[in-house]
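User: I would like to go through this model in questions and answers. Please give the cut-offs as the terms come up.

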Amino acid sequence: MHELNSKRRTFLKGMLANGAISALVGAGLLTPRQLLAAWPEAAFTSDSLDGAVQALYSSGDMEESDRVRLKVPEIAENGAVVPVRVETDLENVESISIVVAENPSPLAAMFELTPRSIPNVSTRVKMGKTSQVLAVVKADGRLYSTQSEVKVTIGGCGG
């Protein structure tokens, strides 16, 4: 019962925060540009894997780690919706990113985590062609990664 009340409180706090932000935007006191100020545009618009990682983390030094687990299909029949899941048991995870090496814009997703977050994310990404998919986890100020190839048979994001 306590867990249900805790979840209800968290939900209500989130709704209150969203309402407050909406009111500030509606009153003209906060602009969408200010809300997106921290968006890492250079990382998402980079056309190379190394450039995206460098722009996102100000470093390209990654340590291959078996503590970062990447779950992707070996073969994606539809490149427009490729499921990707990243999880880790590393401590103090700050962020998790998904990079698709052969995409026109390699950085597919970035998740910033709070200290109380469970470092387990999943999403669907577009892939234009067969490529390495890289998971990058930032924990304790260091970068850890793992990768896996996904063979795309049709569809995708082109280019």
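User: Which residue in E7 stands opposite glutamate 87?
Analyst: This is a predicted model, in which local features need pLDDT of at least 70, side-chain atom pairs count only at pLDDT 80 or more, and totals for chains, interfaces and linings use all residues. Residues are numbered from 1 along each chain as its sequence is written, and side-chain values use heavy atoms, with hydrogens and water left out. Strands (E, at least two residues) and helices (H or I, at least four) are DSSP runs numbered from the N terminus. The residue in E7 opposite glutamate 87 is asparagine 120.

User: Over how many bridges do E4 and E7 pair?
Analyst: Two strands count as paired if DSSP finds at least two bridges between them. Strand E4 (residues 82-88) and E7 pair in the antiparallel sense, and the number of bridges is six.

User: What is the order of the open sheet of three strands?
Analyst: Strand E2 (68-71) and strand E7 (120-125) are the edge strands, each pairing on one side only. The pairing is antiparallel, and the order is E2-E4-E7.

User: Why are the buried residues of H4 on the same side, and which residues are they?
Analyst: Buried means under 20% relative accessible area, exposed over 50% and partly exposed in between, with a 1.4 Å probe and protein chains only. The arc is taken from the directions from the helix axis to the C-beta atoms. In helix H4 (residues 49-57), the buried residues are Ala52, Val53, Leu56 and Tyr57. Because they cover an arc of only 100° around the axis, they lie on the same side of H4; the residues asked for are Ala52, Val53, Leu56 and Tyr57.

User: Which backbone nitrogen does a side-chain oxygen of serine 48 reach at the start of H4?
Analyst: A polar contact is a pair of N or O atoms within 3.5 Å; within protein, one must be able to donate a hydrogen and the other to accept it, and residues adjacent in sequence count only if both atoms are side-chain atoms. The oxygen of serine 48 comes to within 2.9 Å of the backbone nitrogen of glycine 51.

User: Is serine 131 buried or exposed?
Analyst: Serine 131 is found in strand E8. A polar atom of its side chain lies 3.3 Å from the backbone nitrogen of alanine 101. Its relative accessibility is 2%, so serine 131 counts as buried.

User: What is the mean pLDDT of the protein?
Analyst: pLDDT is the predictor's confidence in each residue, from 0 to 100. In this protein, 72% of the residues reach 70 or more, and the mean is 81.
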